Amino acid sequence: YSVISEEDAKNEGLAKDEQGNYYENPDVAADNNVAMVGGTYYSTLLAAIDAVGDGETIYVTNNIPNATGISVPTGKNFTIDFGGHTYTLSGPGAGSTSTETNGFQLLKGSNITFKNGTIRIAEDANNIKRIIQNYANLTLEDMHIYAENQVGGEEYALSFNFGTVVFKGDTDVITTSADTAAFDVYFWDTESYQDGVSVTFDETYTGTINGTIIYDSTAPDKAALIIQGSGYIGAVDTSSSTSNGNNIQISGGTFGESVAEYVVDELSAELNSNGTYTY
């Protein structure tokens, strides 16, 4: 098993877990835990998030089945590198009192990056009604997110209510149907969130959002949806409650239906043989 006591740990650099056990073989430490921060291994992702320092990276070392929801408080600044592993939510979820239904609740005032991984929901999940409820500054890079098995249906697997959100690289949000709302860009007129929300697909974006993005705002200067890159998006729609115009800017990508009303710089559309539109 290769666990030794601290007093027997003569050499620097030995792997250590959250209980203070030292491992002669780091591979054993990685196999027996799920995440690592700065040379210390943790048995849960929540424990790693609680321990991570400002600007540090959490490295996921194993697939994580039967995961519960996590609420990340304000003032955190970290990256989770999933390392190609899968995080499967079974519940219960996290959230504010009486709304503990989120896989991740990311609160205002944090800067968070998720990269290089997959997030799913287990069959028969316990009250996971949303994968990410976001109020933070969030970057999703090479992430693959599946809405299947979300309790109550697949609508709004992600919800962006505040902060700056960036999609990079091969990041996917996969729903069963193109008619499903994959996520929203939502501003409502409340004192605590007056800085608004922006969601940007940057020039590196190559992924797939096979459902619909919903723009929902009463103030176009408080909610922005900017789509660049060469990825695929099923549709972009505005909600029935959207008023005073919108701030949707599309300058690249392929779409399941025409988005000509949102295209900037008079880009021309190519109608593909499968009925999609490339700008």
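The protein contains two helices and 26 strands, where helices (H or I, at least four residues) and strands (E, at least two) are DSSP runs numbered from the N terminus. This is a predicted model, in which local features need pLDDT of at least 70 and side-chain atom pairs count only at pLDDT 80 or more, whereas totals for chains, interfaces and linings use all residues. Residues are numbered from 1 along each chain as its sequence is written, and side-chain values use heavy atoms, with hydrogens and water left out.

**The whole chain**

Begin with the entire protein in view. Along the principal axes, its C-alpha atoms fill a box of roughly 70 × 45 × 35 Å. The radius of gyration is 20 Å, which agrees with the value near 19 Å that a compact globule of 279 residues would have; this radius is taken over C-alpha atoms, and the globule rule is 2.2 Å times the number of residues to the power 0.38.

Next, colour the residues by accessibility. Of the 279 residues, 49% are buried; buried means under 20% relative accessible area, exposed over 50%, and partly exposed in between, with a 1.4 Å probe and protein chains only. The accessible surface comes to about 12500 Å², and carbon and sulfur atoms account for 41% of it (Shrake-Rupley method with a 1.4 Å probe; for residues, only the protein chains shown count as cover).

Then display the charged side chains. There are 10 positive and 38 negative ones, and the centres of the two sets lie 7 Å apart. Lys and Arg count as positive and Asp and Glu as negative, while His and the chain ends are not counted; each charge is placed at NZ of Lys, CZ of Arg, CG of Asp or CD of Glu.

For contacts (heavy atoms within 4.5 Å), consider those between residues at least 6 apart in sequence: 63% of them join residues at least 24 apart.

**Aromatic rings**

The whole structure holds 16 aromatic pairs. Rings of Phe, Tyr and Trp (its six-membered ring) pair if their centres lie within 6.5 Å; planes under 30 degrees apart count as stacked, over 60 as edge-to-face and the rest as tilted.

Select F82 and F114. Their rings form an edge-to-face pair, with 5.8 Å from centre to centre and 80° between the planes. F82 sits in the loop between β9 (77-81) and β10 (86-89) and F114 in strand β12 (residues 111-121), so the pair ties together parts that are 32 residues apart in sequence. Both F82 and F114 are buried.

Move to Y186 and W188. Their ring centres are 5.3 Å apart and their planes stand at 10°, so this pair is stacked. Y186 is partly exposed, with a relative accessible area of 27%, and W188 is partly exposed at 25%.

**Backbone features**

Select G91 and P92, which are joined by a cis peptide bond with omega of about 0°. P92 belongs to the loop between β10 and β11 (102-106).

Proceed to D142 in strand β14 (residues 137-146). Phi of D142 is near 55°, a positive value in a residue other than glycine. D142 is partly exposed, at a relative accessible area of 27%.

N244 also has a positive phi, of about 65°, although it is not a glycine. N244 lies in the loop between β22 (232-238) and β23 (248-250) and counts as exposed, at 60% relative accessibility.

G245 is found in the loop between β22 and β23, and at 41% relative accessibility G245 counts as partly exposed. Not counting residues up to four places away in sequence, G245 touches Y215 and P220. A distance drawn from G245 to Y135, 110 residues apart along the chain, gives 23 Å between the C-alpha atoms.

**Two final selections**

Centre the view on N33, in the loop between α1 (26-32) and β4 (35-37). N33 is buried, at 5% relative accessibility. Leaving aside neighbours within four places in sequence, N33 is in contact with D17, Y23, Y41, Y42, S43, T61 and N62.

Finish at R130, in strand β13 (residues 130-134). Apart from neighbours within four places in sequence, R130 has contacts that include T101, N102 and G103, as well as Q150, Y156, A157, L158 and S159. From R130 to V34, 96 residues apart in sequence, the C-alpha to C-alpha distance is 23 Å.
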